[in-house]
Amino acid sequence: MATAPSASAAIIPNRCEYTSSEPTLSYAPNTYKLAVKQVQCELNWSLYNTTLTVDGYFGSDTRAAVRKLQDCSNITIDGVVGPNTWSKLNSWARSNSWADLSGNC
């Protein structure tokens with residue numbers, strides 16, 4: 001089973017470079033946030049066959065992908081990107097593995 005490397009700030013060089021800010025984020029389809037673009041980009045690098053539009057809006061597709069990552073990472077599945085989810089997301093986005101093909105989900 002693959003494990004994700006340890007996490008650090010959100011900037012993923014040569015992959016996702018929108019912001020290093022890691023605020024708590026949740027479903028808000030009508031509110032633009034740069035940090036949501038970072039989440040969407042990292043989800044695209046973390047989950048196999050995920051092609052979220054990186055638009056900065058936390059809609060239903062982003063929420064579903066967050067919940068899938070949380071499930072695969074064995075953390076609370078609530079669709080909210082808080083400290084634990086950021087940590088797992090940063091780790092998987094930096095890795096050369098897919099969270100959902102790691103054997104955890």
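Author: Let us begin with a pair of side chains: D100 forms a salt bridge with K68, and their closest N and O atoms are 3.1 Å apart. The model is a predicted one.

Reader: Why is the pair of D100 and K68 called a salt bridge?

Author: The criterion asks for a side-chain nitrogen of Lys or Arg within 4 Å of a carboxyl oxygen of Asp or Glu. The closest N and O atoms of D100 and K68 are 3.1 Å apart, so the pair meets the criterion of within 4 Å. The structure holds one salt bridge.

Reader: What makes D100 and K68 a link between separate parts of the chain?

Author: K68 belongs to helix α2 (residues 60–72), whereas D100 lies in the segment after α3 (83–94); the pair therefore ties together parts that are 32 residues apart in sequence.

Reader: Why is D100 called buried, and why is K68 called partly exposed?

Author: Buried means under 20% relative accessible area, and exposed means over 50%. D100 has a relative accessible area of 11% and is therefore buried. K68, at 36% relative accessibility, falls in between and so counts as partly exposed.

Reader: How do you know that C16 and C41 are joined by a disulfide?

Author: The two sulfur atoms must lie within 2.5 Å. For C16 and C41 the S to S distance is 2.0 Å, so the pair qualifies as a disulfide. A search of the whole structure finds one disulfide.

Reader: What makes the disulfide of C16 and C41 left-handed, and which parts does the pair tie together?

Author: The torsion about the S-S bond is about -85°, which is why the disulfide is called left-handed. C16 lies in the segment before β1 (28–32) and C41 in helix α1 (residues 34–46), so the pair ties together parts that are 25 residues apart in sequence. Both C16 and C41 are buried.

Reader: Why are α2 and α3 called roughly perpendicular?

Author: Their axes come within 10 Å and cross at roughly 85°. Angles of 65 to 115 degrees count as roughly perpendicular, and α2 and α3 are therefore given that description.

Reader: Which residues of α2 and α3 meet, and how do they divide by kind?

Author: V66, L69 and Q70 in α2 meet T85, L89 and W92 in α3. The residues of this contact divide into four nonpolar, two polar and no charged.

Reader: How do you know that A65 is buried, and which residues does A65 touch?

Author: A65 is found in helix α2. Its relative accessibility is 8%, and the limit for buried is under 20%, so A65 counts as buried. Leaving aside residues up to four places away in sequence, A65 touches L43, L47 and L52. A65 and N44 are 21 residues apart in sequence and 8.9 Å apart in space, C-alpha to C-alpha.

Reader: Why is A28 called partly exposed?

Author: A28 lies in strand β1. The relative accessible area of A28 is 24%; partly exposed covers values between the buried limit of under 20% and the exposed limit of over 50%, so A28 is partly exposed.

Reader: How many helices and strands does the protein have, and what percentage of its residues count as buried?

Author: The secondary structure comes to three helices and two strands, and from the N terminus on the elements run β-α-β-α-α. Of the 105 residues, 42% count as buried.

Methods
Residues are numbered from 1 along each chain as its sequence is written. This is a predicted model: local features need pLDDT of at least 70, side-chain atom pairs count only at pLDDT 80 or more; totals for chains, interfaces and linings use all residues. Side-chain values use heavy atoms; hydrogens and water are left out. Helices (H or I, at least four residues) and strands (E, at least two) are DSSP runs, numbered from the N terminus. Buried means under 20% relative accessible area, exposed over 50%, partly exposed in between (1.4 Å probe, protein chains only). Axes are lines fitted to C-alpha atoms, for helices over the stretch in contact, and angles run from 0 to 180 degrees between N-to-C directions. Angles under 35 degrees count as roughly parallel, over 145 as roughly antiparallel, 65 to 115 as roughly perpendicular and the rest as oblique. Contact means heavy atoms within 4.5 Å. Ala, Val, Leu, Ile, Met, Phe, Trp, Tyr, Cys and Pro count as nonpolar, Asp, Glu, Lys and Arg as charged, and the others, Gly among them, as polar.
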